[in-house]
Amino acid sequence: PDQQTLDQHQVCSYQPDSRSVRCRCQENESRNILAIQLDSFPQAGQVSIKSCTELLLAVDLSGVNQDIISLTLTDCGEVQIGNIKFSEDQKLNIELENMDKFTIQKQTFKGSTSISSTNVKELLIYKTTFSHLPNPGIKIAKSAKVSII
């Protein structure tokens, strides 16, 4: 399938009342690439991404001045995190729900990180370093395949 780079300003919107950035992919079969930079939304404490068939995601949270940031992916096909940046003194909660496949590879998470996965068919974490996983660091429910290498 074709690759399409999504414009953050077209597929994402900032909700000041909930301090969240909400992104939604268009209904198509192409492979999407989305790079999110939150330095223009320093108050954002949550990023939610929905309805992506196939997505390569890069997220830069280093411009956010919140201590705890949630990255939520819901109702997606295959999502791979290609690059993620956040400050060592921030806590990142990655929440996954109703997905076919989620992959993180060759990433280094210096700050506190937790991953919660519900109804994700395949969860793959390859060659990734977590400096601090709080208890419970990785919580998985209703998954057919989990691979952490």
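Reader: How many aromatic pairs does the rule give?
Author: Rings of Phe, Tyr and Trp (its six-membered ring) pair if their centres lie within 6.5 Å. The model is predicted: local features need pLDDT of at least 70 and side-chain atom pairs 80 or more, while totals for chains, interfaces and linings use all residues. Residues are numbered from 1 along each chain as its sequence is written, and side-chain values use heavy atoms, leaving out hydrogens and water. By the ring rule, the count of aromatic pairs is three.

Reader: Is the pair of Tyr-14 and Phe-41 stacked or edge-to-face?
Author: Planes under 30 degrees apart count as stacked, over 60 as edge-to-face and the rest as tilted. For Tyr-14 and Phe-41 the centres are 4.9 Å apart and the planes at 20 degrees, so the pair is stacked.

Reader: How many residues apart in sequence are the parts that this pair ties together?
Author: Tyr-14 lies in strand 2 (residues 12–15); a strand is a DSSP run of E, at least two residues, numbered from the N terminus. Phe-41 lies in the loop between strand 4 (31–37) and strand 5 (46–50). The pair therefore ties together parts whose separation in sequence, in residues, is 27.

Reader: Is Tyr-14 buried or partly exposed?
Author: Buried means under 20% relative accessible area, exposed over 50%, and partly exposed in between (1.4 Å probe, protein chains only). The relative accessible area of Tyr-14 is 25%, so Tyr-14 is partly exposed.

Reader: Is Phe-109 buried or exposed?
Author: Phe-109 lies in strand 9 (residues 108–126). Its relative accessibility is 0%, so Phe-109 counts as buried.

Terms used: Helices (H or I, at least four residues) and strands (E, at least two) are DSSP runs, numbered from the N terminus.
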